[in-house]
Amino acid sequence: MRTFLIAVSLLATLVSANWIEIDWRKVRSIEDFDHYWDRLPTEMKIYRQRRPFQRITNGQEATPGQFPYQIILLSDFPTGTALCGGSVLTRNFILTAAHCVVSGTNTVVSGGIAIMGAHNRTIQEASQQRIRYTASGIRYHPLYVSSTLRYDIAVVLLNSSITFTDRIQPVRLPAQSDTRQFGGFVGTLSGFGRTTDASQSISTVVRFTSNPVMTNANCITRWGSSNIQDQNVCLSGTGGRSSCNGDSGGPLTVESGGPIQIGVVSFVSIRGCEAGMPSVYSRVSFYLNWVEINSDFVSQP
């Protein structure tokens, strides 16, 4: 027993020594930054002032460890630190949206911090690992277009490797041979977006919500073919359930022998997350080859 206690004490010391303090008062969701709105046409920018405070809408708090692949991605832009979501891809890489790490057309952030294993982001949980990354570790799709969020996907190489635990595990992606479009499946999204329309801050804990995944044909009837293409997948907005501010880059999963990530949070209606419009994601299966080439991830055949 004495040896066990010494080992636990040593582990706690190591965790404490590697802990990265964060001033959460200086962190904002990516959608609160000027450059997120500067990419839009003038007639669309008016919605920045009209939109309500937003969140993972009509969701609920997750149980600790329910989403072991969920991460918080903090990115250091010149005007402040932005919060996004993401998922654990491998011990060395995380998966997120390009707009979480790129400002304007092709200016990447200077670096940031990825937080794995968090349930409550504001406290020093034993389950958390906080690892820095630098600009050199950012790899976003070369066809990314900021004005339309086309090809909105990125992988980020961390400065050191993640240690997998029961609270931190890599997400599964579709196999190369999996041609399903997942229309009709129940999709689940998770993240740290704002918790109420009246809230001035992002959620302190992981939240989630679920709705049916739409076929692209049905999604096009709501968004139009210029917005929804093969590289997108949509989640129904029924009941006002949607991804929202602070959830960008996070995972959309379905159950198929366990959770499989089929989407990366990309955008929602500029008129508000609770407006009933489908939320839109980068379709992971469309990018499998690109993810493999730009990380150490190996997909299933």
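So, how many helices and strands does the chain have? The secondary structure comes to 6 helices and 17 strands, taken as DSSP runs numbered from the N terminus, with H or I over at least four residues for helices and E over at least two for strands.

Quick housekeeping. This is a predicted model, where local features need pLDDT of at least 70 and side-chain atom pairs count only at pLDDT 80 or more, while totals for chains, interfaces and linings use all residues. Residues are numbered from 1 along each chain as its sequence is written, and side-chain values use heavy atoms, leaving out hydrogens and water.

On confidence: pLDDT, the predictor's confidence in each residue from 0 to 100, has a mean of 84 here, and 79% of residues reach 70 or more. Over residues 1-17 the pLDDT is below 50, and that stretch has 1 contact (heavy atoms within 4.5 Å) beyond near neighbours in sequence. Residues 50-55 are also below 50, but there the model has 28 such contacts.

Now the inside. Of the 301 residues, 55% count as buried, meaning under 20% relative accessible area with a 1.4 Å probe, protein chains only. Leaving aside residues up to four places away in sequence, L73 touches A82, L83, I94, V101 and Y133, among others.

Note on methods
Buried < 20%, exposed > 50% of the residue type's maximum accessible area, 1.4 Å probe, protein only.
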